[in-house]
Amino acid sequence: MKTFRTTRRMMITSTALATLALSTVAVTTANADPSETKPWKGITTTVVDFGAYTSDVVENPEDSEDRDPTVNATNNTLAVSPDERFAVATNSYSDRLVVIHLKSGLKIAEIKGYVSPRNILFAPDSQSFTVSDSARGVVDRISTTSFRVTKRLPLGAGVFGTSQSPDGKTLYANNAAADTVTVVDQANNRPVDVITGFHEPRQGTKVSHDGDTLYVTNYNKGDSKLSIVDLTNPAHPKTELDGFQGLRAISVDRAGDRLYAANSANDTISVVNLHDTTDRETIKVGDMPYGAALSPDGTVLLSGNKADNTLTAVKITHKDGKITHTFLGTVAGSGENYLKAPRQAISFSNDSKTAYVLNEDLTVAQVDIASRTVTKVLGR
């Protein structure tokens, strides 16, 4: 295993400065823009079969977790464009991304050719999004106009969770095989730094709202730790926090006061005071929480409870310099408006009134926050 790790580190070092731009993708035609009376036709794109790390890929494994021989883990991801036109989703045992037009609720595109897609992020201008694939070892940039791959950056097998600076200029890419985070200049599509000293960093990573701090989850079976990285210092000093159990997703509030972490092993959300990390609160949630998503206005936290097909809603109140957390209720789907194995893939509308939750079948449950009900399922 040690030899394997060394090999992967050598791979990321040798490929971290390589950039490959793509222009050849098979695409069917589609309407230029959706409308009330004539929704989009289906679009299918297929990324070209690229050379990085394809020889090790298990194409048709019996176990879905074996799709990626580098990182034996499953996760899902959902991103909603800042202009709220599109949702793009996938999970790591799917070979495609699905694109949903939010207003019509229709699945309008599929982007095929991936092996273990891990994380999706939209650019601030909504004109493109990135997707990481840990088996292929790349981060792709895809246009929302053509759904073509416009840029490809090889970062080494094991590239997993991603986060970006508030202005979208810098991408931070976890590599679970190399125990690193690569810093990417997105305008020039090239790595500019590699931060070391992590332990199998997977999906969970966030950048603070001021862009000065990076939060990275480290997987180590039940003994999970969180790394807090100072991005303002070129040496990138880290603070390590422990005391988590099966740490999955994290969120950080806008002021940088509180961090919320989902503990899948003991069915809780940990609330950490970032000014005094010994000051913690524990919130009991549903069965096997993988998600801890904070609304844009900072008033609601949603836990995605994978094992019981529910969300737990928590109200966050700021008063007289104190932050309090109150149980709001449980969101459970019913009939056609269902929730199926919600995990970390939870997004909110800009006004914080609606949540979008990825189901196991790559449909998206639309949740009304005020009533805590699933109002419809998109992308069927």
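Which residues line the second largest pocket? In this predicted model, the lining consists of Ser208, His209, Asp210, Thr213, Tyr215, Ile228, Thr239, Arg254, Ala255, Gly256, Leu274 and Thr277. The volume of this second largest pocket is about 180 Å³.

Salt bridges were examined next. The count comes to six. One of them joins Asp68 to Arg118, with 3.4 Å between the closest N and O atoms. This pair connects distant parts of the chain, its members being 50 residues apart. Asp68 sits in the loop between strand S2 (43-46) and strand S3 (76-80), whereas Arg118 belongs to strand S7 (residues 117-122). Asp68 has a relative accessible area of 3% and is therefore buried, the limit being under 20%. Arg118 is also buried, because its relative accessible area is 0%.

A salt bridge also forms between the side chains of Asp140 and Arg152, at 2.6 Å from N to O. Here too the pair links distant parts of the chain, across 12 residues. Asp140 lies in strand S9 (residues 138-143) and Arg152 in strand S10 (residues 149-154).

Elsewhere, salt bridges join into a network. Its members are Asp95, Arg96, Lys107 and Glu110.

Four strands form an open sheet in the order S23-S24-S25-S26. Their pairing is antiparallel. Strand S23 (293-294) and strand S26 (322-332) are the edge strands, and each pairs on one side only. Within the sheet, strand S24 (residues 300-305) pairs with strand S25 (residues 310-319). Six bridges hold this antiparallel pairing. Ser303 has Thr312 of S25 as its bridge partner.

Notes. Residues numbered from 1 in each chain as written. Predicted model: local features only at pLDDT ≥ 70, side-chain atom pairs only at ≥ 80, totals over all residues. Heavy atoms only, no water. 1 Å grid on protein atoms, 1.4 Å probe; cavity = no way out; pocket = protein on both sides within 12 Å on 5 of 7 lines; lining within 4 Å. Points joined across faces, edges and corners; volume = space filled by probe spheres on them. Salt bridge = Lys/Arg side-chain N within 4 Å of Asp/Glu carboxyl O. Helix = DSSP H or I, 4+ residues; strand = E, 2+ residues; numbered from the N terminus. Buried < 20%, exposed > 50% of the residue type's maximum accessible area, 1.4 Å probe, protein only. Pairing = 2+ DSSP bridges.
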